[in-house]
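Here is a short walk through one model. Keep the viewer open and follow along.

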Amino acid sequence: MASNSILLSLSLFAILLCFAESQSFVGVNYGQVADNLPPPEATARLLQSTTIGKIRLYGADPGIIKALANSGVGIVIGAANGDIPSLASDPNAATQWVNANVLPYYPASNITLITVGNEVLTSSDQGLISQIVPAIRNVQSALTSASLGGKIKVSTVHSMAVLTQSDPPSSGSFNPALQDTLKQLLTFQKDNESPFTINPYPFFAYQTDPRPETLAFCLFQPNSGRVDSGNGKLYTNMFDAQVDAVHSALSAMGFQDIKIVVAETGWPSRGDSNEVGPGVENAKAYNGNLIAHLRSLVGTPLMPGKSVDTYIFALYDEDLKPGPGSERAFGLFKTDLSMSYDVGLAKSSQQTPSTSPTTPVSPAPNAAAGWCIPKTGVSDAQLQVNLDYACSQSIDCGPIQPGGACFEPNTIASHAAFAMNLYYQTFGRNQWNCDFSQTAMLTSQNPSYNACTYAGGST
């Protein structure tokens with residue numbers, strides 16, 4: 001058993017070393033509707049101190065593009081909705097746009113994608129809707145003429161409102177009124193291998209259904225899950241359900257092989273008094289658990305074994321954005337470059353678990369601790385929910401199966417303790433990974449017993 005523990009520790013160490021570098025599937029949106037943003041060079045240094053691998057700009061700010069030169073950070077730049085008419089009607093306008101916003105910076109600045117317009121198809125502007133595909137084609141042609149056609153992709157960003165059906169995920173379908181435009185767009189994207197970019201927000205889903213069980217489902221917290229009545233697949237979080245609904249809609253039109261990219265998703269840390277859902281704890285839980293979910297590479301029920309490239313909204317709060325207070329409070333960082341809350345993105349926050357000792361002792365709570373265990377007095381019903389959730393997240397629950405080293409004692413409490421701790425160890429050893437709807441706590445005392453070894457160790 002000791003050799004297995006050493007192998008587990010070495011494997012986790014290798015994984016964590018990998019994660020100490022930038023992660024291509026974790027990106028962030030850099031909105032600039034603010035009057036207090038730090039200099040581009042400071043933002044570039046901030047990004048390089050994190051595991052954020054990509055950044056999405058809503059325009060093509062030359063300051064930040066130049067500041068990120070030779071950083072390795074992937075950059076998405078955008079053409080505004082107001083640019084679409086000229087880009088669609090005049091190929092020379094598209095050439096000039098590429099000449100001004102791409103050629104001076106590429107390849108030193110790693111521009112990977114150009115988004116033409118933002119949420120155009122749900123804007124109700126029929127002129128823009130009719131022009132979006134011609135504009136994209138002209139930008140693609142301009143890139144091809146500059147010998148960049150296979151290196152920089154072109155797409156447009158959609159809100160979830162392009163779907164008229166999303167529940168259950170297997171029934172996902174696009175708005176029939178958009179079918180003609182979408183068919184043209186998706187044909188282009190298939191031919192050019194460009195991604196379908198979408199903005200899923202479990203935050204807004206919770207606002208329309210503010211029940212406690214919906215909040216847990218939206219925050220990746222333990223819950224009983226929702227079974228898709230169409231295919232029987234179990235969903236344990238809203239993010240996967242929304243992404244798979246998009247996949248189903250693409251599949252229904254025959255474009256199931258088009259890559260999905262999440263262009264925006266996030267949770268606000270504060271809002272107006274009449275808003276449901278904003279708050280630091282919820283924002284920390286959503287973004288922290290989302291990042292852990294992406295790092296696990298478990299994927300979604302319909303797209304298992306890989307992580308969807310995801311851009312979290314947003315890098316900073318934007319103090320000039322209109323609308324409710326939450327619109328100005330999505331930032332992962334404050335404009336003084338300090339964290340709004342810690343979701344484990346700093347390279348220096350990566351931790352390596354050590355091999356746990358085998359001497360059995362009684363667990364005791366400690367704020368700086370190495371293992372996650374249930375709190376005293378938690379009901380078996382809640383522990384069963386925790387157990388089911390943890391084991392559904394692609395951790396190895398084999399030791400608590402019949403014949404496993406940790407099967408005895410055959411109680412829900414014992415099995416839940418093992419699974420909750422393994423979940424905590426696997427997904428980052430952050431405090432929010434040992435929350436389980438406030439039914440868990442950290443301990444510095446090793447709960448291992450007999451031949452049953454709990455992964456982990458004191459921090």
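Start at the link of cysteine 406 and cysteine 452, which is right-handed, with 105 degrees about the S-S bond. This is a predicted model. The sulfur atoms of cysteine 406 and cysteine 452 lie 1.9 Å apart and form a disulfide. Cysteine 406 sits in the loop between helix 12 (380–391) and helix 13, and cysteine 452 in the segment after strand 14, so the pair ties together parts that are 46 residues apart in sequence. Both cysteine 406 and cysteine 452 are buried.

The structure holds three disulfides. Another one joins cysteine 372 to cysteine 434, with an S to S distance of 2.1 Å. It links distant parts of the chain, 62 residues apart: cysteine 372 is in strand 13 (residues 371–374), while cysteine 434 is in the loop between helix 13 (412–426) and strand 14 (440–443). The link of cysteine 372 and cysteine 434 is right-handed, at 90 degrees about the S-S bond. Both of these cysteines are buried.

Cysteine 391 and cysteine 397 also form a disulfide, with sulfur atoms 2.0 Å apart. Their link is left-handed, at -95 degrees. Cysteine 391 is partly exposed, at 28% relative accessible area. Cysteine 397 is buried, at 8%. Counting bonded cysteines along the chain, the pattern is 1-5, 2-3, 4-6.

Now move to helix 10. Of its 15 residues, 13 are buried, so the helix is largely enclosed by the rest of the structure. Asparagine 237 caps its N-terminal end: a side-chain oxygen lies 3.2 Å from the backbone nitrogen of phenylalanine 239. Just after helix 10, glycine 254 takes a positive phi of about 85 degrees.

Technical notes. Residues are numbered from 1 along each chain as its sequence is written. This is a predicted model: local features need pLDDT of at least 70, side-chain atom pairs count only at pLDDT 80 or more; totals for chains, interfaces and linings use all residues. Side-chain values use heavy atoms; hydrogens and water are left out. Buried means under 20% relative accessible area, exposed over 50%, partly exposed in between (1.4 Å probe, protein chains only). Helices (H or I, at least four residues) and strands (E, at least two) are DSSP runs, numbered from the N terminus. A polar contact is a pair of N or O atoms within 3.5 Å; within protein, one must be able to donate a hydrogen and the other to accept it, and residues adjacent in sequence count only if both atoms are side-chain atoms. A disulfide is a pair of cysteine sulfur atoms within 2.5 Å.
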